[in-house]
2 protein chains.
Amino acid sequence: MIGYSPNPAEAVKALKATAITEIADSPVQVVRQCDLIILATPPKATLDLLQTLAPLVGREAILTDVCSVKAPIMRQALGCGLGDQFAGAHPLAGTHESGFVAARPDRLRGCVVYICETGSLAGHRAAAAVAGFWEEILGASPIRIDPEAHDRQLAWTSHLPQASAYVLAKVLSSQGLGGVSFGSGARDTMRLAASSPDLWVEVLSQNVKPVSTALEQTQEALAELRMLLSQGDEAGLRNYLTTAHGFRRGIER
Amino acid sequence: MIGYSPNPAEAVKALKATAITEIADSPVQVVRQCDLIILATPPKATLDLLQTLAPLVGREAILTDVCSVKAPIMRQALGCGLGDQFAGAHPLAGTHESGFVAARPDRLRGCVVYICETGSLAGHRAAAAVAGFWEEILGASPIRIDPEAHDRQLAWTSHLPQASAYVLAKVLSSQGLGGVSFGSGARDTMRLAASSPDLWVEVLSQNVKPVSTALEQTQEALAELRMLLSQGDEAGLRNYLTTAHGFRRGIER
């Protein structure tokens, strides 16, 4: 198990924890000898790596990724001639943390991992191999999904909550309020804003249309709440909060 | 320590846990013999109880509350002739849960508790007694604050995060997405929407103006994010997310 990180200290941590058995000096150097190549990088680096590595990988190698957007990745894999060797993956296991220190195998156990196929028969076999890796080695639950459908769904289930946390933190950042003023509820509501801005600039930028639709509907829902409040419509306000409450209770694990 | 709950099963739980030593059939019945009367009820019930209990309490008794809005409560206490016996309190220790089962003394240890005074000298002494109770018995950190300033601040630090969680859950409730589609980040961002709608109709309705201001600025921040996305302004988007990220990291405990 050969690992590479642009940050050598990260690779050393992985080696010390026996998560890998060898550190590569560059992905280019080692990719030809690999059977399964996992690109666990942000969207832009993944797009670049697919292009760089495509001419170097063995014909039997399978490649996969873990990005939160899938349509641009699948297009790139096809464009690079990896249609028979690539399958996209997206485990629903991210947090606001990053780096090897945030790696926790138990997060992957039982988690949904979306799998996207390129469309060819060999691509189908590659997807089966990637799904098998997630299911048998990591204990996750693979679910096949169309890349465009994935990106539309994730705009709601992940990118919108992420954006909401950023919006809330952005608004509060201008109020000059100290940390001691915030309770655990407020902290949790904004927790995702502690995620890497670099990563999220890329994810949001790669999924503009679906995310914009979700943000637009959120603006409308916010306007509705303001209206109910300003009109003193307590019955309407109760309906609004009760709908939200019922939904949130309904998705409790 | 006499307890009363409109839900008798709650009072029995408190008695069994030795949080109280006696259950009252009604607050009216026992209030005259109490030295310290804590109204741990939502805003409307607190306003009603102040009116009901004011003519019944002993002249040496001290009353207090735990509401998330303070100006209407302080006005009511003064209006009921309790200016020399009442001090408002608001511990920053709430969660989305309610009922005796959600009571945890460790949440109160070290937590900020805002204390509001009525303005009279005796009211000042009442506030000192209430603050002493929170500090010495419960281990919390009392902070004196003007009621209007409290409500303006809490509109940002608590009522806005609460409203944001409700808005997000309201938007997502119409998308027909199952619980399995949501990761822990999305769940946490909406966790406050699991709070009691009845309580929050009251809190938001008692703090309309400051909450409306906060919601208006949130709408503007949301519009700004949409604009940056639709214009493909990655530098602007990075600035936006970095500001939010820095703020959220800065309030980490």
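In the predicted model described here, the buried residues of helix H9 of chain A pack against helix H3 (43-53), helix H7 (147-173) and H10 of chain A, together with H10 and H11 of chain B. A residue is taken as buried if 20 or more other C-beta atoms, placed from the backbone, lie within 10 Å of its own, and helices (H or I, at least four residues) and strands (E, at least two) are DSSP runs numbered from the N terminus. Helix H9 of chain A, residues 197-205, is mostly covered, with seven of its nine residues buried, namely Leu199(A), Trp200(A), Val201(A), Glu202(A), Val203(A), Leu204(A) and Ser205(A).

Residues are numbered from 1 along each chain as its sequence is written, and chains are lettered from A and ligands numbered from 1 in the order in which they are written. Because the model is predicted, local features need pLDDT of at least 70 and side-chain atom pairs count only at pLDDT 80 or more, whereas totals for chains, interfaces and linings use all residues.

Chain A contains eleven helices and seven strands, and its C-alpha atoms fill a box of roughly 70 × 40 × 30 Å along the principal axes. Of its 253 residues, 45% count as buried. Where contact requires C-beta atoms, placed from the backbone, to lie within 7 Å, residues 24 or more positions apart account for 68% of the contacts in chain A with a separation of 6 or more.

The contact between the chains takes 74 residues from chain B and 74 residues from chain A. On the side of chain B that touches chain A, at least two residues each are supplied by H7 (147-173), H8 (184-189), H9 (197-205), H10 (208-230) and H11 (234-250) of chain B, and H7(B) gives the most, with 16 residues. Since 100% of the interface residues of chain B are also interface residues in chain A, the copies meet through the same surface.

When the copies are superposed by least squares on the C-alpha atoms of residues with pLDDT of at least 70 in both, a rotation of 180 degrees with 0.0 Å of shift along its axis brings chain B onto chain A, at an RMSD of 0.0 Å. The two copies are thus related as by a two-fold rotation axis, and in chain B the C-alpha nearest this axis is that of Thr189(B), at 2.1 Å.

Note on methods. Two residues are in contact if their C-beta atoms, placed from the backbone, lie within 7 Å. A residue is buried if 20 or more other C-beta atoms lie within 10 Å of its own, exposed if 12 or fewer, and partly exposed in between; C-beta atoms are placed from the backbone.
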